[in-house]
Amino acid sequence: MTDELVEVARFGSANEAAIARSVLEGTGIAAVLHQEATATWLWHYGTALGGVKLLVRSADADEARTILADQVAEPADAGTRFGAVTHHQISVEDEEDDSDGVDPTLVRAWRAAIIGIAVVPPLLSLYSLWLLVRHGLLLSGQWRAIVAFMVDLAVLGAIGLFLWAAR
């Protein structure tokens, strides 16, 4: 048995993720939240930064997904106690389907680059560049990687020009 942690679900807010973690821990499955603090402090960037990830041991992953599917139902299901949780839940499979088979890290870099144009430009642009370089996405030749890179460079260049002119 391995102690490697795997992602079983993603959530748009730390509160939703905490409820799902409580459901799993109530059944005896240890779970941890990844990027909970980021989603709490920078709540308006939560989805762009990948949301809050619910992680469990790889040996418990299938059982955890089954429990979450059974216990954490859609809001329309009035018979569940946790009906509001999955309203904003994003599963790993859903994100990959929405991006037409594009690497989820590339989607995250793309979103950070586009949102970074208007909101906290240096922070999100640097994050997007870091993702693109760290994961070798620039070499993939995909249009999103190239456009994200150009947007990041333009934003950082504009900030540098502004700072140079302000001296």
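Student: Is Val-32 buried, partly exposed or exposed?

Tutor: The general idea is a cut-off on relative accessible area: buried means under 20%, exposed means over 50%, and partly exposed is in between, using a 1.4 Å probe and protein chains only. Val-32 has a relative accessible area of 38%, so the residue is partly exposed. Before we go on, a word on the model: it is predicted, so local features need pLDDT of at least 70, side-chain atom pairs count only at pLDDT 80 or more, and totals for chains, interfaces and linings use all residues. Residues are numbered from 1 along each chain as its sequence is written, and side-chain values use heavy atoms, leaving out hydrogens and water.

Student: How many helices and strands does the protein have?

Tutor: Helices (H or I, at least four residues) and strands (E, at least two) are DSSP runs, numbered from the N terminus. Here there are 7 helices and 3 strands. Read from the N terminus, their order is β-α-β-α-β-α-α-α-α-α. Val-32 belongs to strand β2, residues 31-34.

Student: Which strand pairs with β1, and in what sense?

Tutor: Two strands pair if DSSP finds at least two bridges between them. Strand β3 (residues 52-57) pairs with β1 in the antiparallel sense, over 6 bridges. Look for Ala-9, which sits opposite Leu-54 of β3. Strand β1 covers residues 5-11, and 5 of its 7 residues are buried.

Student: Which residues does Val-32 touch?

Tutor: Contact means heavy atoms within 4.5 Å. Leaving aside residues up to four places away in sequence, Val-32 touches Leu-5, Arg-21, Lys-53, Leu-54 and Leu-55. In the protein, among contacts between residues at least 6 apart in sequence, 63% join residues at least 24 apart.

Student: Which residues have the most contacts inside the largest nonpolar core?

Tutor: In soluble globular proteins, nonpolar side chains tend to be buried together. A nonpolar core is a set of buried Ala, Val, Leu, Ile, Met, Phe, Trp, Tyr and Cys residues joined through side-chain atoms within 4.5 Å. The largest one has 19 residues, and Val-8, Leu-24, Leu-54, Val-56 and Leu-68 have the most contacts inside it. At least two residues of this core come from each of β1, α1 (14-26), β2, β3 and α3 (61-71). The largest share, 5 residues, is from α1. Another core lies apart from this one; its 14 residues include Ala-112, Tyr-127, Ala-145 and Val-155.

Student: Where is Val-120?

Tutor: Val-120 is in the loop between α5 (104-115) and α6 (121-134). Val-120 also has a positive phi, of about 45°. Its relative accessible area is 37%, so Val-120 is partly exposed.

Student: How much of the protein counts as buried?

Tutor: Of its 167 residues, 38% count as buried.
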